[in-house]
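Here is a short briefing to read beside the structure.

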Amino acid sequence: MLTGVTGWLVRRFVPRWEDSTDPGVRACYGALEAWISIVGNVVLTGFKFAAGLALNSIALLADAVHTLADAASSVVVLVGFRIAGAPPDDKHPFGHGRTENVITVVVAVMLVLVGLSFGQAAVGRLTARPEVRGNLAITLILLVTAAFKEWLARFSFRLGEAIRSTALAADAWHHRTDAIATVLVVVAMAATLLGYPLLDPILGLVVAGFIVWTGLKLGLSAGSALTGEAPDAAFVEQVCGLTRAVGGVRSLHKVMVHDYVGRIEVTLHIQVDGGLTVAEAHAIAGRVKHAILEETKALATVHVEPDSAPQSSPGVVI
């Protein structure tokens with residue numbers, strides 16, 4: 001259950017927000033995250049530009065440009081979710097939900113590039129050792145902006161968890177890297193004043209490695225889903241359990257699950273008493289489909305096979 005500001009925004013701007021498996025609802029979640037992120041980054045950019053000009057700080061002006069560039073990942077999310085929420089058509093009879101996985105790959109690549117950029121800057125600081133200067137006003141501004149970016153990250157993570165979207169999780173990591181980068185600038189200022197200038201590039205390398213690892217993990221996970229990853233074993237067992245519980249089902253096999261992100265298609269074969277009429281066997285298949293749909297929201301195609309044996313083992317082969 002989403003609570004607080006996040007919950008209020010969802011209930012205010014996402015129609016039928018409880019139905020997180022519906023492609024149109026998922027598209028609304030994605031649009032909400034993207035627009036909040038875009039508006040937030042633009043406002044933050046203006047704030048940093050104004051502060052940078054007032055304090056004559058090149059660092060703040062450069063950070064403002066970086067924040068504005070962060071909005072690019074949210075634009076990718078906005079466009080991607082709009083495509084993902086489009087209704088099925090002749091070329092895409094199961095909808096466009098897998099576009100979310102494509103979005104994740106794109107944002108993950110952007111995340112890796114950010115991490116490599118961090119690493120390059122950190123190596124440069126290790127060799128050149130530039131002095132990092134600042135003052136109390138700049139420090140306070142940086143901490144406020146870092147806190148806001150962390151809120152954006154948590155907002156995106158919560159929406160991603162609500163609809164199980166790796167795309168929103170990837171964008172959340174993009175926000176968090178900006179927050180981490182800003183905090184590192186503050187740490188670098190403090191470390192320089194305390195006589196430990198090398199702490200800044202060392203921490204920078206550690207964070208850069210973490211960002212690259214996160215980007216690769218997200219990208220590989222989304223790529224695996226695009227190339228036909230095996231279904232979750234717990235979900236398959238749930239489908240099997242629901243099927244076995246339907247009266248008249250003696251056994252089942254050939255359970256196949258196709259996840260189209262927001263639309264799950266299940267195909268399975270069940271064996272029933274060979275002496276049943278076609279209508280009776282069809283009714284059992286209908287009850288199986290209904291049970292799976294009610295509990296998992298998945299659409300099932302059930303093939304019926306006769307079992308001539310008087311009794312059959314409830315075992316299942318998948």
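The structure holds zero disulfides. This is a predicted model, and every value below is computed from it.

**Cysteines**
- Cys 28 is partly exposed, because its relative accessibility is 27%, which falls between the 20% and 50% cut-offs.
- Cys 240 is buried, because its relative accessibility is 0%, and buried means under 20%.

**Arg 26**
- Arg 26 is part of helix H2.
- Arg 26 counts as buried, because its relative accessible area is 5%, under the 20% cut-off.
- A polar atom of the Arg 26 side chain sits 2.4 Å from the backbone oxygen of Ile 163.

**Nonpolar cores**
- In soluble globular proteins, nonpolar side chains tend to be buried together.
- The largest nonpolar core here has 35 residues. Val 10, Tyr 29 and Leu 159 touch the most other members.
- The elements giving two or more residues to this core are helices H1 (4-13), H2 (23-55), H3 (58-84), H4, H5 (136-163), H6 and H7.
- H6 supplies the largest share of this core, eight residues.
- A second, separate core has 22 residues. Among them are Leu 252, Ile 270, Ala 285 and Val 302.
- What does Tyr 29 contact, leaving aside its neighbours within four places in sequence? Its partners are Leu 2, Val 10, Val 14, Trp 17, Leu 159, Ala 162 and Ile 163.

**Helix H7**
- Helix H7 covers residues 199-226, 28 residues in total.
- From first C-alpha to last, H7 reaches 41 Å. That is close to the 40 Å expected at 1.5 Å a residue.
- Which residues of H7 are buried? They are Asp 200, Pro 201, Gly 204, Val 207, Ala 208, Ile 211, Val 212, Thr 214, Gly 215, Leu 218, Gly 219 and Ala 222.
- An α-helix has 3.6 residues a turn, so residues three or four places apart point the same way.
- Helix H4 (99-128) and helix H6 (166-193) are among the elements that cover the buried residues of H7.
- Gly 228 follows H7. The phi of Gly 228 is positive, near 95 degrees.

Terms used:
Residues numbered from 1 in each chain as written. Predicted model: local features only at pLDDT ≥ 70, side-chain atom pairs only at ≥ 80, totals over all residues. Heavy atoms only, no water. Helix = DSSP H or I, 4+ residues; strand = E, 2+ residues; numbered from the N terminus. Expected span 1.5 Å × (residues − 1). Buried < 20%, exposed > 50% of the residue type's maximum accessible area, 1.4 Å probe, protein only. Contact = heavy atoms within 4.5 Å. Core = buried A, V, L, I, M, F, W, Y, C linked by side-chain atoms within 4.5 Å. Polar contact = N/O pair within 3.5 Å; in protein donor to acceptor, adjacent residues only side chain to side chain. Disulfide = S-S within 2.5 Å.
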